[in-house]
Amino acid sequence: MRIYQHPLGEQADPQLNGRVAVRRRTAARWLGGLAVLAALGCAQASNLVDPAGPRFAADYAPLPDSAEEVGPVRVVSFNIRFAQEISRATAILRRPPLAGADVIALQEMDERGVDRIARSLRLDYVYYPATIHPTTGKLFGPAILSRWPIERSWKVLLPHPSRTRGQRRTATAAVLRIRGVPVLAYAVHLETPVQVTPREREDQARTILRDAASFPGPVVIAGDFNGEEIGLTMRRAGYQWLTEGVGPTVSFFNWDHIFVRRLSAMRPGPAVGVVRRIDGASDHHPVWALLAWRPAPAPVSPPTVPGAVSVRMDQ
């Protein structure tokens, strides 16, 4: 096992369709009142703005069997609140329709929680925390888990710190080699409506889109977008909004999503959904999508996008 240097100086052992209305105004009114309370005082976040890390990774997945060279790709996104209920969340990820996921995007994770889930499910992972969260004092950020090899990974720094805590959000990006074809995947957690404006959150999404713009192969962008209107931004950029209309994923909002380019949902039959029974694993419900496999004609290199704030690191 690898030991990684904790940013505080301690060693950490890493253990559908247009008919659906976008509820931007509803979310703004519901959360607007909370902004007043939040502005009364919050501890400041310790942002990890070094684009090179900290970085946590491990390889637990067995080598893919040759029989797995055909078939769909299952993508899952799950916000596990402050990485508190790891055992319960792992149990949910073991059950259909999430079981056997090829790619999992996790949010609000710390290094131990990511490692526990990946080890239990026998998946490879990479994790770039965004901050040391003032509420928990632990690392906080998005992670990518995969049963396919992770060839390269990097952190994408997102603009617009939160109003009250100065918290900077990041996305974790990785090139996965799925059935011999490079696939670019992002685990995303945008800022909340309390802390940034809709336009600022759109800027965060556009930063990820710019980072992925030159990648010619399949792209998966999944996570907690803290808003449904972001789907329109992604659609205008040429992505399919797979989780549009699946229903609420947190409270009565549909904020957890999966977007793809050069992939599409399987047909016929149910191919996208949200898991309702989660047994107290989180305040969010995981979403999933079963994707048709349309491999790229030839291997491609990871993107190099001028102006995108990111770093690429060999594993």
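**Close-up views of salt bridges and cavities**

View 1. Lys138 is partly exposed, with a relative accessible area of 31% (buried is under 20%, exposed over 50%, partly exposed in between; 1.4 Å probe, protein chains only). The model is predicted, with local features needing pLDDT of at least 70 and side-chain atom pairs pLDDT 80 or more, while totals for chains, interfaces and linings use all residues. Residues are numbered from 1 along each chain as its sequence is written, and side-chain values use heavy atoms, without hydrogens and water. Lys138 forms a salt bridge with Asp110, with 2.8 Å between the closest N and O atoms (Lys or Arg side-chain nitrogen within 4 Å of an Asp or Glu carboxyl oxygen). Asp110 is buried, at 7% relative accessible area.

**View 2. Arg277 and Asp279.** The closest N and O atoms of this salt bridge are 3.0 Å apart. Arg277 is exposed at 56%, whereas Asp279 is partly exposed at 35%.

**View 3. Glu85 and Arg88.** These residues form a salt bridge with closest N and O atoms 3.8 Å apart. Glu85 is partly exposed at 32%, and so is Arg88 at 43%. The model has 13 salt bridges by this rule.

**View 4. The largest cavity.** Its volume is about 50 Å³ (points on a 1 Å grid where a 1.4 Å probe fits but cannot get out; lining residues have an atom within 4 Å of a point). The lining includes Phe140, Arg168, Arg169 and His189.

**View 5. The second largest cavity.** This cavity holds about 30 Å³ of space. Among its lining residues are Phe82, Glu108, Met109, Asp110, Lys138 and Phe140.

Conventions
On a 1 Å grid over the protein atoms alone, a cavity is a set of points where a 1.4 Å probe fits but cannot get out, and a pocket is an open set with protein on both sides within 12 Å along at least five of seven lines; lining residues have an atom within 4 Å of a point. Grid points are joined across faces, edges and corners, and a volume is the space filled by probe spheres set on the points.
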